[in-house]
Amino acid sequence: MNPEQPRAAAAAASADGALPLETPCIELKLPGGERASVAPFGAQVLSWSTADGVERLYLSPDAVFDGALPIRGGIPVCFPQFNVRGPLPKHGIARTLRWQPQPSDDPACASFTLRDSEATRRLWPHAFEARLSVQLSSGCLHLGFEALNSSDSAPWSFTFALHSYLRVRNIGQARLAGLQGLGFWDALTDRRGQIERAGELGFDGPVDRVYSGVPAHAAFELREPGRRLRITQSETLADTVVWNPGVELSAALPDMPRDGYLQMLCVEAAGIEQPVQLEPGQRWQAWQRLEALE
Ligand code: TA6
């Protein structure tokens, strides 16, 4: 086994069902050796490895799989609320509900739907249908999201993020390129209106920022010695969140090891600053694409 492959993801990828999930993961495979595992709980990608066997996502070895708490790592879907910007539980309701897997003939593709129910309407009184698709291709993982307002009378609005935990060998040596010139809100200091000056952002402490005004066709690149990952997102998503908890928060999070922050960086494709408004019958689509260049 690749030593970088997280323990739980390794279990998820095995056929013995060792991962204590309430339902087994859907496994995606390509003949070239690329693999991904997606849990119906949260429609959350837990693992993506490229043909070279390198795990590209971070899944906390202390993640909890109890079918109730959010799973720490992989790619959580934050919908219909980002963080605590609204009355719902943090990051919304989609990451703590079981989505319905859809039949697929394609071993490299999975899709899931989530519809409103009595339980969701108690928290968020709206009729909706959400769909998440995961497509594996050579060197790439593509996540597509669609929200439909299935009510016949009431508009609603939401915020959203694909909260991707990208795996790094050592955060101290990682750099994120492509943010230069973007304005950001620093959640750690609650300061707005700052402009990113760095051509390549380095990480020597906690970072929690919402970059806004991301132009169409923008591409970010996560660079480490011998590794490069290109990250792109749909024009419908104008924000990108960059998060690393740093040592203190990492130690304080019950589902993350003390040094977990060393191995991850979240680069999240998001729509936060301008909530999306959907009229009855209207659909909205978004995506994030991860491409291993090295
Ligand atoms: O997207 C960054 C963020 O909103 C951070 O503020 C941090 O709290 C993180 O998400 C993780 O949130 P969680 O609820 O999963 O612990």
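## The largest pocket

By class, the lining of the largest pocket has twelve nonpolar, four polar and six charged residues. Here Ala, Val, Leu, Ile, Met, Phe, Trp, Tyr, Cys and Pro count as nonpolar, Asp, Glu, Lys and Arg as charged, and the others, Gly among them, as polar. In total, 22 residues line this pocket, and R72, K90, R95, Y165 and W243 lie nearest its centre. Its volume is about 400 Å³.

What is a pocket? On a 1 Å grid over the protein atoms alone, a pocket is an open set of points with protein on both sides within 12 Å along at least five of seven lines. A cavity is a set of points where a 1.4 Å probe fits but cannot get out. Lining residues have an atom within 4 Å of a point. Grid points are joined across faces, edges and corners, and a volume is the space filled by probe spheres set on the points.

## About the model

This is a predicted model, in which local features need pLDDT of at least 70, side-chain atom pairs count only at pLDDT 80 or more, and totals for chains, interfaces and linings use all residues. Residues are numbered from 1 along each chain as its sequence is written, and side-chain values use heavy atoms, with hydrogens and water left out.

## The whole chain

The chain has three helices and 20 strands. Its radius of gyration is 18 Å, close to the 19 Å that the globule rule gives for 294 residues, so the chain is as compact as a globular protein of that length. That radius is taken over C-alpha atoms, and the rule is 2.2 Å times the number of residues to the power 0.38. Helices (H or I, at least four residues) and strands (E, at least two) are DSSP runs, numbered from the N terminus.

Along its principal axes, the C-alpha trace spans about 55 × 50 × 35 Å. Buried residues make up 53% of the 294 residues. Buried means under 20% relative accessible area, exposed over 50%, and partly exposed in between (1.4 Å probe, protein chains only).

## The nine-stranded sheet

Nine strands form an open sheet with antiparallel pairing, in the order β5-β6-β7-β8-β20-β17-β16-β11-β14. β5 (100–102) and β14 (200–202) stand at the edges, each with a single partner strand, so one side of each has no neighbour in the sheet. Neighbouring strands are turned by 20° against each other on average, direction ignored. Axes are lines fitted to C-alpha atoms, for helices over the stretch in contact, and angles run from 0 to 180 degrees between N-to-C directions. Two strands pair if DSSP finds at least two bridges between them.

Now follow the chain of partners. Three bridges join β11 (residues 175–177) to β14, where L176 stands opposite L201. Three bridges also join β11 to β16, and R175 has R223 as its bridge partner there. Six bridges then join β16 to β17. R223 stands opposite R228 in β17. The hairpin of β16 and β17 has two residues between the strands, and G226 takes a positive phi near 80° in this hairpin.

## The largest cavity

How many cavities of 30 Å³ or more are there? The count comes to two. The largest has a volume of about 90 Å³. E55, R56, R167, L222, R223, E224, R227, R228 and L229 line it. By class, the lining has two nonpolar, no polar and seven charged residues.

## A buried strand

Is strand β18 (residues 239–244) mostly covered or uncovered? β18 is mostly covered, with six of its six residues buried. In a regular strand the side chains alternate between the two faces of the sheet. In β18, D239, V241 and W243 point one way, and T240, V242 and N244 the other.

β18 has antiparallel partners. Six bridges join β15 (residues 207–212) to β18, and V210 pairs with V241. Five bridges join β18 to β19 (residues 264–278). W243 stands opposite C266 in β19. W243 is also one of the residues nearest the centre of the largest pocket.

## A three-stranded sheet

β1, β2 and β3 form an open antiparallel sheet, in that order. β1 (26–29) and β3 (44–49) are the edge strands, each with a single partner, so one side of each is left without a neighbour in the sheet. Neighbouring strands are turned by 15° on average, direction ignored. Four bridges join β1 to β2 (residues 35–39), and E27 has S37 as its bridge partner.
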